[in-house]
Amino acid sequence: PGLAKRERDLELPPWNKGRYGTAIGRAVHGVLQVVDLATGEGLADIARAQATAEGVSDRLDVVERLVRSALPTRVAATAATSRHWRELWVAAPVGAHLVEGYVALLVRTDEGLVVVDWKTDHVDGDDDVADKLARYRLQGASYAAAVEEATGERVARVVFAFLAEDGAIEAELADLDGATAEVRTRTAELAVLSAATDPDT
């Protein structure tokens, strides 16, 4: 639980691969993949194209407002002035298992790499944010572990940015070292379980 994500559908068009969520969420990710994070230049046209591609042209205003809420965030501002990668596919062995996924935004900072995940979940108050962080804890830690294995660099922080039409909420994953340690423990347990159930062993 918390580690497995749906397998990639290789028949999906390129702009959909790796982004499994609502059509609005996919459109938002698509815009944030290419829009200028410093100025937002061209946002309206990019949003229109992505909303059309995802079949949600009637919700274009929502897509645009969600993206606009991302641009003033601290993580977007840091990325705009730092080396960064967007919708970055990462795959690396963590223990005896391959962990793979798409990192929405990876930023190199003086303290280390920062993994950012844009979320379009509705959140209602601090308690709901805490619940969401608990829900996404192992997902974020899995990304961090895979990035560290693939790059040999330290991931200093994992930040979830919950986008909303009235503004974004940035929430950092607490005790990242403990969470990545749990991911490594669970992948090791999976290896033991797989070996125990393999009829050829």
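This is a predicted model: local features need pLDDT of at least 70, side-chain atom pairs count only at pLDDT 80 or more; totals for chains, interfaces and linings use all residues.
Of the chain's 201 residues, 42% count as buried, where buried means under 20% relative accessible area, exposed over 50% and partly exposed in between, with a 1.4 Å probe and protein chains only.

Residues are numbered from 1 along each chain as its sequence is written, and side-chain values use heavy atoms, leaving out hydrogens and water.

What is the chain built from? You'll find six helices and five strands, in the order α-α-α-α-β-β-β-α-β-β-α. Helices (H or I, at least four residues) and strands (E, at least two) are DSSP runs, numbered from the N terminus. Among contacts with a separation of 6 or more, 63% link residues 24 or more positions apart, a contact being heavy atoms within 4.5 Å.

Two packed helices are described by the angle between their axes and the distance between the axes. The axes are lines fitted to C-alpha atoms, for helices over the stretch in contact, and angles run from 0 to 180 degrees between N-to-C directions.

| Pair | Angle | Axis distance |
|---|---|---|
| α1 (residues 23-34) and α3 (residues 60-70) | about 50 degrees | 9 Å |
| α1 and α2 (residues 43-53) | roughly 140 degrees | within 9 Å |

That makes α1 oblique to α3, and α1 and α2 are oblique to each other too. Under 35 degrees counts as roughly parallel, over 145 as roughly antiparallel, 65 to 115 as roughly perpendicular, and the rest as oblique.

On the α3 side, α1 brings Ile24, Ala27, Val28, Val31 and Leu32, and α3 answers with Val62, Val63, Leu66, Val67 and Ala70. These divide into 10 nonpolar, no polar and no charged. Here Ala, Val, Leu, Ile, Met, Phe, Trp, Tyr, Cys and Pro count as nonpolar, Asp, Glu, Lys and Arg as charged, and the others, Gly among them, as polar.

Towards α2, the contact uses Ala27, Gly30, Val31 and Val34 of α1 with Ile46, Ala47, Gln50 and Ala51 of α2. That set splits into six nonpolar, two polar and no charged.

Lastly, there's Lys132, in helix α5 (residues 125-151). Is Lys132 buried or exposed? Its relative accessibility is 13%, so Lys132 counts as buried. Leaving aside residues up to four places away in sequence, Lys132 touches Asp121, His122, Val123 and Phe162.
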